[in-house]
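Subject: Structure handover and findings

Hello,

Here is the structure for your files. My notes follow below it.

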Amino acid sequence: MSTHELTPKFTPEITPSLEELQAQERRLVFRQFTHEDAWALGSLLVEMAREREAPVAVDIHRSGQQLFHAALAGATPDNDAWIARKRRVVERYGASSYLVGARFRARGTTFEESSRLDQDTYAAHGGSFPITVDGVGVVGAVTVSGLPQLEDHRFVVEALERFLEKYL
């Protein structure tokens with residue numbers, strides 16, 4: 001399967017609405033998130049990436065600690081830098097990096113122009129999604145880098161959907 005077919009149930013040309021992005025975050029919530037959950041989710045992302053020959057790096061952080069990291073064939077050190085920048089957006093805003101960027105675009109501006117944050121430290125590009133625990137809030141982030149930003153976002157969302165269906 002080519003990288004253009006990463007998430008066949010989505011149409012790559014269609015940009016999700018703010019409502020759709022917000023609905024994803026309301027829906028994709030954990031009852032708990034343990035070290036074992038991080039391993040299982042990270043392993044699922046790696047398995048999906050291998051099936052699709054996706055040149056990505058995968059990262060899962062909880063409460064400031066890296067619980068999972070993998071770089072597949074074709075991923076580069078730049079992907080790790082993107083992961084850190086996208087994850088910081090999730091940590092700061094409590095929302096997916098793609099949603100944060102979309103909110104700025106919906107106001108007729110960009111994150112880079114209007115956030116007043118260092119672009120070497122923060123990137124509101126798709127691929128980092130909050131790990132939200134019911135009754136607790138955002139406790140971490142799962143991040144993918146290596147594909148175009150909307151594909152990174154959709155890849156993470158698909159993995160979270162699969163994981164939550166199977167494990168919760």
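First, a term: helices (H or I, at least four residues) and strands (E, at least two) are DSSP runs, numbered from the N terminus. Ser63, for instance, sits in the loop between β2 and β3 (65-71).

Now the ground rules. Residues are numbered from 1 along each chain as its sequence is written, and side-chain values use heavy atoms, with hydrogens and water left out. This is a predicted model, so local features need pLDDT of at least 70 and side-chain atom pairs count only at pLDDT 80 or more, while totals for chains, interfaces and linings use all residues.

**Confidence**

pLDDT is the predictor's confidence in each residue, from 0 to 100. The protein chain averages 93, and 92% of the residues score at least 70. Residues 1-11 have a pLDDT below 50; beyond near neighbours in sequence, this stretch has 21 contacts in the model. Contact means heavy atoms within 4.5 Å. Where pLDDT is low, the predicted coordinates should not be read in detail.

**Positive phi**

Most residues other than glycine have a negative phi. Ser63 has a positive phi of about 50 degrees although it is not a glycine. Glu53 also has a positive value, near 55 degrees. Glu53 is in the loop between α2 (35-52) and β2 (57-62).

For accessibility, buried means under 20% relative accessible area, exposed over 50%, and partly exposed in between (1.4 Å probe, protein chains only). Ser63 counts as exposed because its relative accessibility is 62%. Glu53 is exposed too, with a relative accessible area of 65%.

Look at β4 (128-133) next. 6 of its 6 residues are buried, so the strand is largely enclosed by the rest of the structure. Two strands pair if DSSP finds at least two bridges between them. Strand β1 (residues 29-30) pairs with β4 in the parallel sense over 2 bridges. Phe30 stands opposite Val133 there. β4 also pairs with strand β5 (residues 137-145), in the antiparallel sense over 6 bridges. In that pairing, Ile131 stands opposite Gly140. β4 and β5 form a hairpin with 3 residues between them. Gly135 in the turn has a positive phi of about 80 degrees.

Gly127 lies in the loop between α5 (111-114) and β4. Gly127 is buried, at 1% relative accessible area. The C-alpha atoms of Gly127 and His153 are separated by 4.1 Å, though the two are 26 residues apart along the chain. Not counting residues up to four places away in sequence, Gly127 touches several residues, including Lys86, Asp152 and His153.

His153 turns up again with Gln24. Gln24 is in helix α1 (residues 18-27). Gln24 counts as buried because its relative accessibility is 5%. Leaving aside neighbours within four places in sequence, Gln24 is in contact with Phe129, His153 and Val157.

**Charges**

A salt bridge is a side-chain nitrogen of Lys or Arg within 4 Å of a carboxyl oxygen of Asp or Glu. The structure holds 5 salt bridges.

- Lys86 with Asp152: the closest N and O atoms are 3.0 Å apart.
- Glu91 with Arg87: the closest N and O atoms are 3.1 Å apart. Both lie in helix α3, 4 residues apart, about one turn of the helix. Glu91 is partly exposed at 45%, while Arg87 is buried at 12%.
- Glu158 with Arg162: the closest N and O atoms are 2.9 Å apart. They are separated by about one helical turn because they are 4 residues apart in helix α6. Glu158 is buried at 7%, while Arg162 is partly exposed at 33%. Salt bridges that share partners join Arg52, Glu158 and Arg162 into one network.

What about Arg154? Arg154 lies in helix α6 (residues 149-167). Arg154 is buried yet has no salt bridge. The nearest side chain of opposite charge, Glu20, is 5.7 Å away. (Lys and Arg count as positive and Asp and Glu as negative; His and the chain ends are not counted.) A polar atom of the Arg154 side chain does lie 2.4 Å from the backbone oxygen of Ile14.

Best wishes

Notes:
Polar contact = N/O pair within 3.5 Å; in protein donor to acceptor, adjacent residues only side chain to side chain.
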